[in-house]
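This report describes one protein chain for a reader who has not seen it before. Please look at the sequence and the structure, then read on.

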Amino acid sequence: MNGAQSLVDTLVTRGVDTCFANPGTSEMHFLAALGDPRMRGVLCLFEGVCTGAADGYYRMADKPAATLLHLGPGLSNGLANIHNARRASSGMVNVVGEHATKHLKYDAPLTSDIEGLARPLSHWVRRGGSAATIAWDTAAAIAEAGAHPGRIATLILPGDTAWQGAGEPALPSPAPPARKAPDPARIEEVAKVLRSGEPTMLILANKACRTAPLELAGKVAAGTGCRLASQFFTNRIERGAGRVPLERIPYSVAPALAFLKGTKHIVTLETKEPVAFFSYPGQPSLLKEPGTQVHTLSEADEDSTLALEMLVDALGLGSAQTAHQPPADTPAPQGKLDPVSIAHALCAGIPENAIVVDESLTSGRESMSYTLGAAPHDMINNLGGSIGYSPPVATGAAIACPDRRTICLVGDGSAMYTIQALWTQAREQLPVTTVVFANNTYNILKAEYSNMGAGDRPSAEALNLIDIDRPTIDWLAMGRSMGVPGVQVDTAEGLAKALLNANGEAGPRLIEVKLY
């Protein structure tokens with residue numbers, strides 16, 4: 001067994017059986033080892049698609065995938081979506097090829113400080129020293145990535161560690177991932193707050209937004225009158241008709257301040273107090289009112305389900321009746337496309353058990369509350385803010401859950417960052433519907449131009465750096481060139497019909513929503 005085979009054997013033995021790859025010359029032995037039938041290798045045409053797909057895979061599979069990246073430049077190409085994954089607490093094992101050890105002293109053109117590139121966005125970085133240690137290093141990387149919350153583990157492997165003999169190393173017994181128990185004193189403090197009757201909001205995130213903990217949170221709300229909310233961006237919420245609904249803290253500062261007005265206590269589960277996405281002149285960074293107290297029920301690395309069970313017991317609410325979201329009663333989508341009619345069309349077109357990956361920005365940012373009563377589904381958002389995340393994340397989510405339809409909502413500007421994901425979806429015949437909101441501009445920047453106090457509206461020169469209408473992107477041709485059939489719609493009823501038609505297909509589809 002050589003080092004590359006030792007790597008793949010350790011990965012699959014420890015449960016990492018999917019690798020999103022964009023290999024180069026230094027990774028050829030790893031590429032050969034990926035022929036192991038126990039490992040699914042998925043080719044992505046850009047490293048940002050690899051890392052974004054690994055993020056989406058983790059969010060739905062609750063276990064890490066691996067990526068295979070080529071030297072420092074390959075890692076660098078993937079860093080934006082590693083940033084998004086880190087912010088979403090998604091675990092992944094990045095395997096980065098390196099020049100053979102004896103070659104490094106010659107400073108070949110692709111030589112770089114890979115550790116220096118990896119460290120700011122990785123929780124754990126290690127350079128393999130020999131083929132004999134690869135199994136141990138890989139096991140350590142998997143343990144890091146599989147912890148709660150998920151972590152970014154980056155393993156750098158020189159080419160000679162891949163082709164040299166590794167022997168048959170004995171590995172340490174895998175330690176089962178354990179989530180920490182919350183402090184009982186903290187639980188009692190929160191129970192005391194809730195008994196006081198003062199206006200209180202529970203803000204849930206990460207694993208606390210799954211069905212079982214939401215049911216417990218619903219009991220707390222029913223018994224105490226507190227509000228249940230999420231941050232504007234969350235890594236995965238199980239929502240829809242029949243599930244416990246969460247209010248969503250608005251993105252913009254003024255609506256968020258109004259939303260939180262009068263709240264005396266904020267209780268957090270696997271998250272922090274709400275803050276503005278950016279600093280705006282004359283506006284606060286913290287979205288709570290002065291004097292609002294913040295209490296932690298469960299830290300990011302703790303078991304939030306256990307915390308809610310303890311809280312329900314402390315409050316004596318085990319028999320409380322939880323309120324559930326009723327099915328949507330919205331008008332049939334029709335007429336001009338706007339944020340509300342788009343949301344109505346989505347509500348009609350989201351199939352049961354779907355996965356919705358939302359990067360709709362201006363076209364859907366403030367209207368997704370209209371889909372709360374859609375068929376039960378999971379919603380995924382971008383916590384890191386680096387655009388071009390949703391097509392890769394949708395790809396990884398579909399690899400993890402091939403029996404569920406994934407709907408990717410993305411603006412045209414964002415989609416152009418990682419449009420190569422369509423090719424992987426077609427190659428793998430993934431059940432993904434990509435909805436591109438095409439307004440031929442970075443529309444969000446027009447609003448932010450005014451919000452930031454740069455002026456009432458952008459000048460002609462500024463618009464040159466915001467509008468993407470010269471030339472106009474042909475989205476249907478783009479999809480067709482990568483094997484994804486598409487349709488263009490310009491009405492709400494057309495969008496609803498296109499979504500329903502796509503739901504009946506086995507492979508990927510593209511819908512261009514014409515907003516210009």
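Is Asn381 buried or exposed? Asn381 is buried, with a relative accessible area of 1%. Here buried means under 20% relative accessible area, exposed over 50%, and partly exposed in between, with a 1.4 Å probe and protein chains only.

## Basis of the report

This is a predicted model, in which local features need pLDDT of at least 70 and side-chain atom pairs count only at pLDDT 80 or more, while totals for chains, interfaces and linings use all residues. Residues are numbered from 1 along each chain as its sequence is written, and side-chain values use heavy atoms, with hydrogens and water left out.

## The chain as a whole

The protein chain has 19 helices and 18 strands. Helices (H or I, at least four residues) and strands (E, at least two) are DSSP runs, numbered from the N terminus. The radius of gyration of the protein chain is 24 Å, close to the 24 Å that the globule rule gives for 516 residues, so the chain is as compact as a globular protein of that length. This radius is taken over C-alpha atoms, and the globule rule is 2.2 Å times the number of residues to the power 0.38.

The C-alpha trace spans about 65 × 60 × 45 Å along its principal axes. Of the 516 residues, 55% count as buried. Among contacts (heavy atoms within 4.5 Å) with a separation of 6 or more, 81% are between residues 24 or more positions apart.

## The surroundings of Asn381

Asn381 is found in the loop between strand E14 (377–380) and helix H13 (390–400). Leaving aside neighbours within four places in sequence, the contacts of Asn381 include Arg59, Phe232, Arg248, Asp358 and Tyr389.

## Helix H8

Helix H8 covers residues 184–195, twelve in number, and reaches 16 Å from its first C-alpha to its last, close to the 16 Å expected at 1.5 Å a residue. The expected span is 1.5 Å times one less than the number of residues. Arg186, Ile187, Val190, Ala191, Val193 and Leu194 are buried in H8. They cover an arc of only 155° around the axis, which puts them on the same side of H8; the arc is that of the directions from the helix axis to the C-beta atoms. On the other side of H8, Pro184 and Lys192 are exposed.

The buried residues of H8 pack against strand E7 (200–204), helix H9 (211–224), strand E11 (265–269), strand E12 (293–298) and helix H11 (304–315). At the N-terminal end, Asp183 caps H8, with a side-chain oxygen 3.0 Å from the backbone nitrogen of Ala185. H8 is followed by Gly197, whose phi is positive, near 85°.

## Backbone details in loops

His148 and Pro149 are joined by a cis peptide bond, with omega about -5°, and Pro149 sits in the loop between helix H6 (134–145) and strand E6 (152–158). The bond from Arg470 to Pro471 is cis, with omega near 5°; Pro471 lies in the loop between helix H17 (460–463) and helix H18 (475–481).

Glu270 is a residue other than glycine with a positive phi, near 60°. Glu270 lies in the loop between E11 and E12 and is buried, with a relative accessible area of 7%. Gln429, not a glycine, has a positive phi of about 50°. Gln429 lies in the loop between helix H15 (421–428) and strand E16 (432–438) and is partly exposed, with a relative accessible area of 47%.

Definitions and conventions:
Polar contact = N/O pair within 3.5 Å; in protein donor to acceptor, adjacent residues only side chain to side chain.
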